[in-house]
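Work through the following exercises with the sequence and the model side by side. Try each task before reading its solution.

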Amino acid sequence: MSAHTPGPWTIEFRDSDYPMWQVMGNIGGEPVVVADQLEQEDARLIAAAPVLLEALEAIVASYDNRVSIAFVIVDKARAAIAQAKGT
């Protein structure tokens with residue numbers, strides 16, 4: 001399995017025969033489409049995937065190292081949730 005497209009990912013509205021949203025990433029300075037033909041809510045959730053992954057990895061690393069979950073980790077989780085919900 002290859003590595004995923006690194007974040008950050010953004011959403012863009014594409015006006016065509018019907019409204020659709022795309023999730024865009026960047027590889028080597030070139031824009032790439034990560035996901036296409038989405039509803040806005042789905043696009044936001046998909047675009048938040050790299051941030052959600054980072055927050056979950058921080059929580060797991062904290063647990064694995066027997067470090068209490070610090071406010072910084074909880075703040076990352078809150079930011080990821082906000083991005084996914086568009087709030």
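**Exercise 1.** Leaving aside neighbours within four places in sequence, which residues is Thr 5 in contact with? Is Thr 5 buried or exposed?

*Solution.* Step 1: contact means heavy atoms within 4.5 Å. With neighbours within four places in sequence left aside, Thr 5 is in contact with Gly 25, Asn 26, Ile 27, Val 32 and Val 34. Helices (H or I, at least four residues) and strands (E, at least two) are DSSP runs, numbered from the N terminus. Step 3: apply the cut-offs, where buried means under 20% relative accessible area, exposed over 50%, and partly exposed in between (1.4 Å probe, protein chains only). Thr 5 has a relative accessibility of 18%, so the residue counts as buried.

A note on the model: it is predicted, so local features need pLDDT of at least 70 and side-chain atom pairs count only at pLDDT 80 or more, while totals for chains, interfaces and linings use all residues. Residues are numbered from 1 along each chain as its sequence is written, and side-chain values use heavy atoms, with hydrogens and water left out.

**Exercise 2.** Is Pro 8 buried or exposed, and which residues does Pro 8 touch, not counting residues up to four places away in sequence?

*Solution.* Step 1: Pro 8 is also found in the segment before strand 1. Step 2: its relative accessibility is 68%, so Pro 8 counts as exposed. Step 3: not counting residues up to four places away in sequence, Pro 8 touches Met 24 and Gly 25. Step 4: Pro 8 and Asn 26 are 18 residues apart in sequence, and their C-alpha atoms are 8.0 Å apart in space.

**Exercise 3.** In what order do the three strands form the sheet?

*Solution.* Step 1: two strands pair if DSSP finds at least two bridges between them. Step 2: the three strands form an open sheet in the order 1-2-3, with antiparallel pairing. Step 3: strand 1 (10-14) and strand 3 (30-38) are the edge strands, as each pairs on one side only. Step 4: strand 1 and strand 2 (residues 20-27) pair over five bridges, and a hairpin joins strand 1 to strand 2 through five residues. Thr 10 stands opposite Met 24 in strand 2.

**Exercise 4.** Which residues of helix 1 are buried, and where do they lie around the helix?

*Solution.* Step 1: in helix 1 (residues 40-47), the buried residues are Ala 43, Arg 44 and Ala 47. Step 2: viewed down the axis of helix 1, these buried residues fall within an arc of 100 degrees (taken from the directions from the helix axis to the C-beta atoms), so they line one face of the helix. Step 3: what covers them includes strand 1, strand 2, strand 3, helix 2 (49-64) and helix 3 (71-85). Step 4: Ala 43 touches Ile 11, Trp 21, Val 23 and Leu 38, not counting residues up to four places away in sequence.
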